[in-house]
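I opened a two-chain model today and kept notes as I went. The entries are in the order in which I looked things up.

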Amino acid sequence: MSLIELQDVSKLYGFGDATSVALDEVALTIESGECVAVMGPSGSGKSTLMNMIGLLDRPTHGDYLLNGRRVSRLSVTRRAKIRRDKIGFIFQSFNLLGRLTALENVALPLLYKGHSMPKRNHEARTILERVGLHDKSYFYPRQLSGGQTQCVAIARALVNKPELIIADEPTGNLDTESSRLVMELLGEIHKSGNTVIFVTHNPELTRYATRVVYMQDGAIKYDEQTKLGEVGSYARKVMYAVPDTTEDDDLAGVSALMKIEKPNEKTTKPKKKRARRKATKKKTTKHKATS
Amino acid sequence: MSSLHKGYLRLAMQSIRASRVRSFMTMLGIVISVMAVVVVVGLSEGVKQQVGNQAERYGDNVLLVRPNQHANALTGSGLPGGTGVLLTQRDVQAASASEGVSIVVPMSSIDGDIFGDQTIKSATVIATTPELVDVINQGIDYGGFLDASDGDHVAVLGSDVALHLFNDNAPLGQRFTFRGQSFIIVGVFKQFVAAPFSLEADYNRSVFIPLGSTEKLLGTAPQINQLFVKTKSDVNVKQVANNVQAAITASRGGSEDTVTLSPGDSGASSNQVLQLLALMTVAVASVALVVGGVGIMNMMLVSVTERIHEIGLRKAIGATNRQILRQFMTEALALSVIGSILGLVGAGVVIALLRLYTSLQPVVVWESVLVAVVVAITTGVLFGSIPALKAARMDPIEALRHE
């Protein structure tokens with residue numbers, strides 16, 4: 001049984017002509033213990049996917065099975081409880097409460113579980129020790145560096161011992177050094193047996209992932225298994241791509257990114273439908289390039 | 001679950017402490033209205049007790065006989081009456097003859113200017129008999145009270161008049177002129193306990209002269225505004241009151257134009273007015289309480305709007321709608337409880353200050369404290385539930401996106 005199974009999940013916003021598709025029949029299966037990096041341009045549906053997997057959002061169509069249990073149609077309260085017990089969130093903007101100390105922030109999810117204060121504090125302290133910040137327990141977020149703040153946020157995500165950790169651009173607001181610190185921590189968490197899904201714009205960070213999913217226009221475009229420590233092959237292309245747009249390309253409004261989107265033997269094609277769509281796109285690309 | 005409630009309380013206190021000024025502003029409505037209710041009810045109750053005390057000061061065996069048409073009049077100062085029905089010596093005799101009566105003291109009010117070292121315009125001059133001092137339980141500070149052997153040209157002053165007329169606490173032996181007659185001051189009363197809103201004259205501002213002098217002053221028999229009737233001991237005061245009333249009515253040929261007040265009901269008419277006043281103020285204060293509730297609602301709506309992001313986060317990490325609702329309800333509850341406590345403290349201070357620095361003697365009425373607090377907390381929680389519901393129903397994604 002897979003941990004996560006998205007069955008043709010779509011998310012639409014608006015009605016009629018104004019309908020916009022955030023997720024377009026996404027089918028995705030994630031096994032327990034995977035570390036999935038989700039990449040893609042802005043507006044490609046990464047965050048919607050994260051919200052969907054994190055039970056913050058409900059699919060318009062399709063089904064979502066978490067641990068084999070259909071969770072896409074559960075009540076608001078049920079989903080809140082699943083979030084509380086099984087899912088840990090890490091955000092780009094850290095989202096710590098400024099009025100609370102690091103320890104209180106970490107203990108917050110346990111409050112909603114109804115744990116007593118001594119128990120909450122004990123567990124929060126244990127987790128803070130694990131992320132190496134136990135000496136900062138009584139610091140307020142504003143007294144911590146960006147990296148430390150995100151580590152506290154990670155501790156908060158871990159405190160309820162979740163099966164799944166969802167990180168939406170955890171390093172987006174951090175410098176390289178802090179990013180490394182945070183990703184090392186996430187990698188460690190993954191190694192200790194947790195399932196981690198993280199969104200990133202930095203191809204370098206796919207080194208920490210065992211699988212890279214590339215999204216575009218609300219659909220999964222590439223989905224490849226990678227080895228830990230290796231940059232995903234597709235990500236590498238994004239990373240090392242030399243912009244080689246000609247004047248013609250510019251005129252046609254075609255970015256260099258489109259050019260390198262050639263089918264690759266190493267990447268798995270997720271679905272026939274996707275493939276067909278890609279084919280049509282490729283055709284138009286070629287057409288534009290030659291024109 | 002109790003730990004969870006403690007948790008909510010901690011959260012609420014944290015959020016209240018985090019924005020102290022705003023929290024205080026939020027509470028202000030509740031504070032003021034609780035204060036208003038407790039102080040106003042305390043004031044009117046205090047005045048009521050003072051009026052009651054005044055009746056007691058005369059002694060619980062002292063009746064008052066007054067012209068009936070003025071029994072409900074609202075003359076603030078001066079003895080009631082002065083026009084219309086007046087009492088006469090015949091009534092005095094009828095009252096004296098009634099069973100169980102020991103002393104009858106007539107009180108006759110004469111207006112006019114008094115010329116001493118200073119002049120007092122339209123002073124209250126009360127012509128009465130020497131027995132007055134036996135009836136009203138009031139001590140003389142200097143000198144003595146009127147005495148039959150002194151003749152008619154003596155006077156006893158209320159303490160305020162003494163000061164005003166001669167700038168002297170004890171102007172004994174001094175003279176003043178009133179309606180062409182000269183009076184020698186033989187005594188000064190101790191300060192009377194002032195009773196605000198009372199029907200009684202302010203005796204501190206009155207001059208007491210012998211009843212016998214009225215003939216010379218006015219050229220007629222004294223026109224009596226009020227009788228103090230002291231009963232004998234060991235008699236039923238109510239029964240004596242009935243006897244007196246019957247005797248006077250009989251002497252007036254069945255005309256019921258006088259009224260006899262027993263100690264219990266001597267302040268009755270003013271009590272009704274006071275009660276009405278207190279009721280009206282409580283009504284106004286209740287409106288203030290509702291306004292206080294609206295204040296809590298508005299400030300909490302602001303608070304919720306400011307914390308949309310926080311609410312989103314709390315929901316993301318697993319807070320259910322109910323838990324968010326409880327958190328904000330607890331905050332509203334805490335605000336109204338703290339507001340009520342501050343209001344009570346404020347009311348206590350105001351009451352203490354009033355007792356210290358004014359003649360008013362407000363008291364703390366526990367029922368009003370209870371009602372004010374219960375109403376304050378109820379409105380606070382009721383109005384607080386609106387923003388709390390708004391917070392609870394927020395969509396976590398939308399809320400998280402909100403900065």
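**Entry 1: ground rules.** I noted that this is a predicted model, in which local features need pLDDT of at least 70 and side-chain atom pairs count only at pLDDT 80 or more, while totals for chains, interfaces and linings use all residues. Residues are numbered from 1 along each chain as its sequence is written, and chains are lettered from A and ligands numbered from 1 in the order in which they are written.

**Entry 2: the two chains.** I looked up the secondary structure, where helices (H or I, at least four residues) and strands (E, at least two) are DSSP runs numbered from the N terminus. Chain A has ten helices and ten strands; chain B has twelve helices and ten strands. For burial I used C-beta atoms placed from the backbone: a residue is buried if 20 or more other C-beta atoms lie within 10 Å of its own, exposed if 12 or fewer, and partly exposed in between. Of the 291 residues in chain A, 43% are buried. In chain B, with 403 residues, the buried part is 47%.

I then looked at contacts, which join two residues whose C-beta atoms, placed from the backbone, lie within 7 Å. Taking contacts between residues at least 6 apart in sequence, 68% of those in chain A join residues at least 24 apart. The value for chain B, counted among contacts at least 6 apart, is 83%.

**Entry 3: where the chains touch.** I found 22 residues of chain A in contact with 18 residues of chain B. On the chain B side, H1 (2–18), H9 (308–316), H10 (321–357) and H12 (396–401) each supply at least two residues. H1(B) gives the most, with five residues. I sorted this side of chain B by class and got nine nonpolar, seven polar and two charged residues. Here Ala, Val, Leu, Ile, Met, Phe, Trp, Tyr, Cys and Pro count as nonpolar, Asp, Glu, Lys and Arg as charged, and the others, Gly among them, as polar.

**Entry 4: the cores.** A nonpolar core is a set of buried Ala, Val, Leu, Ile, Met, Phe, Trp, Tyr and Cys residues joined through C-beta atoms within 7 Å. The largest one has 132 residues, and those touching the most other members are A:Val38, A:Val106, A:Ile154, A:Ala155, A:Leu186 and B:Val34. Helix H2 of chain B (residues 20–57) supplies the largest share of this core, 14 residues.

**Entry 5: two helix pairs in chain B.** Axes are lines fitted to C-alpha atoms, for helices over the stretch in contact, and angles run from 0 to 180 degrees between N-to-C directions. H3(B) (residues 89–97) packs on H7(B) (residues 237–251) at about 140°, with the axes 8 Å apart. That angle makes H3(B) oblique to H7(B). Angles under 35 degrees count as roughly parallel, over 145 as roughly antiparallel, 65 to 115 as roughly perpendicular and the rest as oblique. On the H3(B) side I listed B:Arg90, B:Asp91, B:Ala94, B:Ala95 and B:Ala97, which meet B:Val244, B:Ala247, B:Ile248 and B:Ser251 in H7(B). The contact has six nonpolar, one polar and two charged residues.

The axes of H10(B) and H11(B) (residues 366–392) come within 8 Å and cross at roughly 150°, so I put this pair down as roughly antiparallel. The contact of H10(B) with H11(B) has 19 nonpolar, seven polar and no charged residues.

**Entry 6: single residues.** In chain A, eight of the eight residues of H1 (residues 46–53) are buried. Just after H1(A) comes A:Leu55, with a positive phi of about 65°. Most residues other than glycine have a negative phi. A:Leu55 sits in the loop between H1 and strand E4 (61–66) of chain A and counts as buried because it has 25 C-beta neighbours inside 10 Å.

A:Phe94 also has a positive phi, near 65°. Its place is the loop between strand E6 (87–90) and helix H3 (102–113) of chain A. Why does A:Phe94 count as buried? I counted 22 C-beta neighbours inside 10 Å for A:Phe94.
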